[in-house]
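Please keep the viewer open as you read.

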Amino acid sequence: MNQTTYLIAGSSHAAIEAVAAIRMVDPEGEVVMATADQRLPYSPTILPYVVSGRTSPETATLRGAAWLEANRVRFLAASPIAEVQPDQRQVRMADGAVWRYERLLLATGARPALPPIAGLAAQPHHVLRTVEDALALQAAIAGARQAVILGAGLVGLHAAETMRKAGLGVTVIEQKSQVLPGYFDGEASRMIEKAFRDHGIEMVMGETAAAVEAQDDKGFRLQLAGGGERAGDLLLIAAGVRPVTDFLAGSGVDLGQGVLVDARMRTSVPNVWAAGDVAQADRFLDGVKAMAGILPNAVEQGRIAGADMAGDSAVKPFPGSVPLNTFAYFGNHAISVGALDEAGAVIETHAGDGCYIRLVIAEGRLRGISAINHVVDAGLMWQLILRRIDLAPVLQDFLARPHEIGRVLMSRLWR
Ligand SMILES: Cc1cc2nc3c(=O)[nH]c(=O)nc-3n(C[C@H](O)[C@H](O)[C@H](O)COP(=O)(O)OP(=O)(O)OC[C@H]3O[C@@H](n4cnc5c(N)ncnc54)[C@H](O)[C@@H]3O)c2cc1C
């Protein structure tokens with residue numbers, strides 16, 4: 001019988017942080033990291049740059065063999081967990097091997113969601129979540145002329161720019177009426193969409209794909225629900241992600257959209273924690289349990305889960321997720337942090353030269369900010385929101401110079 005003290009399912013950001021936190025408290029306990037990946041731990045965030053050729057797959061590596069050895073982690077590559085049996089404190093791997101654990105972390109992340117499109121299963125298409133996906137997409141771009149991308153989120157727009165720069169005709173189809181829905185406010189999204197149109201990319205907004213069928217050798221014809229159609233020879237599905245929870249069927253672990261967790265990343269089942277893109281934790285601004293899907297959350301949640309698993313009584317509970325996104329496109333730079341809704345005073349400014357900023361202030365505190373081509377540190381704004389810094393005494397200065405005033409406020413705290 002295989003057994004271990006800590007069993008970590010997954011090998012990405014949340015998993016790595018959890019191991020580091022465990023080792024801060026418990027240098028001796030046995031740690032096994034079992035992952036679906038065939039490679040050493042890597043970050044999906046680098047993959048757009050692997051596709052464009054700006055970086056190599058090795059650059060995406062988060063931790064190498066030396067780190068695993070130094071932290072005495074037994075690393076099981078290509079070993080996805082197929083079933084969790086909490087009553088027996090054991091998991092069954094896809095290859096049939098059974099592992100008993102004392103404490104289990106679910107850090108299995110998310111995988112691309114495939115929209116319901118008739119004929120999609122039979123039609124070759126690409127997604128982007130793994131190094132293998134990135135290399136396959138890179139090879140496909142080299143041999144393609146016309147790409148169709150479903151989804152104008154960060155992954156879809158990154159890929160659209162790469163493909164356009166590689167000389168392909170590119171059509172982006174987005175079911176919502178704006179690009180980067182859920183990330184940026186309407187005005188910022190319009191500015192970003194315009195930049196993509198200005199670079200010759202066809203942006204089809206408020207439309208969904210209904211069916212796809214093969215045409216000629218490697219081409220396809222995509223029918224739109226609204227009646228039109230598009231032809232192409234490279235199809236990328238970038239229509240969001242779904243948490244990887246299928247292996248939890250019958251386990252008794254409570255699921256919402258993802259694995260429901262408390263502020264210590266504990267699931268509904270004893271001795272089982274979850275962190276990162278697979279977890280559904282509290283949102284900072286309204287306390288509602290929601291999916292977050294960003295790297296800073298995976299890091300923070302992994303750290304908290306690991307510390308709690310190792311019995312660190314001083315671990316601070318998860319304060320809740322605050323959205324944080326940065327996006328570079330065609331020489332421009334955009335950030336968005338927090339909530340960009342109307343639940344506060346909204347101050348929007350256009351400063352010419354494609355510069356834009358929107359601040360949402362509620363009860364004297366920053367609720368959200370989006371900015372294009374402004375020098376604003378997204379991490380700093382994130383801290384102002386998370387620490388509920390009172391801006392009232394300096395509000396006018398902050399609205400005029402959020403970066404400088406934000407730095408002054410935070411440096412007083414950090415001192
Ligand atoms: C192309 C791309 C670009 C991104 N860019 C950004 C960005 O700029 N900023 C940002 O904040 N976020 C970005 N993200 C999101 C960010 O990558 C994720 O939030 C982060 O990787 C989540 O980490 P995680 O550890 O929760 O899960 P993941 O990174 O999804 O890793 C999940 C791990 O679990 C393993 N696994 C899956 N199923 C099983 C199983 N059954 N058993 C065992 N192991 C399993 C996988 O092999 C993998 O190792 C991007 C994502 C993608 C795909």
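## A loop to start with

Is R266 buried, exposed or partly exposed? R266 is partly exposed, because 18 other C-beta atoms lie within 10 Å. Here a residue is buried if 20 or more other C-beta atoms lie within 10 Å of its own, exposed if 12 or fewer, and partly exposed in between, with C-beta atoms placed from the backbone.

Before going further, a word on the source: this is a predicted model, in which local features need pLDDT of at least 70 and side-chain atom pairs count only at pLDDT 80 or more, while totals for chains, interfaces and linings use all residues. Residues are numbered from 1 along each chain as its sequence is written.

R266 sits in the loop between β16 (259-260) and β17 (272-274). Helices (H or I, at least four residues) and strands (E, at least two) are DSSP runs, numbered from the N terminus. Leaving aside residues up to four places away in sequence, R266 touches V261, W273 and D308; a contact means that the C-beta atoms of two residues, placed from the backbone, lie within 7 Å. From R266 to A281 there are 15 residues in sequence and 10.0 Å in space, C-alpha to C-alpha.

P270 also belongs to the loop between β16 and β17. P270 counts as exposed because it has 9 C-beta neighbours inside 10 Å. V253 is 17 residues from P270 in sequence, and their C-alpha atoms are 9.4 Å apart.

## Domains

The protein chain is divided into domain 1 (2-108 + 247-309), domain 2 (112-239) and domain 3 (331-414), with bounds that come from an automatic or database domain assignment. Between the C-alpha centres of domain 1 and domain 2 the distance is 30 Å. Their contact takes 12 residues from domain 1 and 11 residues from domain 2. On the domain 1 side, the residues divide into 8 nonpolar, 2 polar and 2 charged. For these classes, Ala, Val, Leu, Ile, Met, Phe, Trp, Tyr, Cys and Pro count as nonpolar, Asp, Glu, Lys and Arg as charged, and the others, Gly among them, as polar.

## A helix pair

Helix α1 (residues 13-25) packs with helix α7 (residues 295-309) at an angle of about 35 degrees, their axes 7 Å apart. Axes are lines fitted to C-alpha atoms, for helices over the stretch in contact, and angles run from 0 to 180 degrees between N-to-C directions. Residues of α1 including I16, V19 and I22 meet a set in α7 that includes L295, V299 and M309. The contact of α1 with α7 has 15 nonpolar, 4 polar and 2 charged residues.

## Nonpolar cores

A nonpolar core is a set of buried Ala, Val, Leu, Ile, Met, Phe, Trp, Tyr and Cys residues joined through C-beta atoms within 7 Å. The largest has 70 residues, of which A147, I149, A159, A160, L236 and A238 touch the most other members. Not counting residues up to four places away in sequence, L236 touches H126, L137, A147, I149 and A159. Another core, of 47 residues, lies apart from it, with M33, V84, V244 and V315 among its residues.

## Two positive phi values

Most residues other than glycine have a negative phi. F330 has a positive phi near 45 degrees and is found in the loop between β20 (324-329) and β21 (332-338). R388 has a positive phi of about 45 degrees, in the loop between α8 (378-386) and α9 (395-400).
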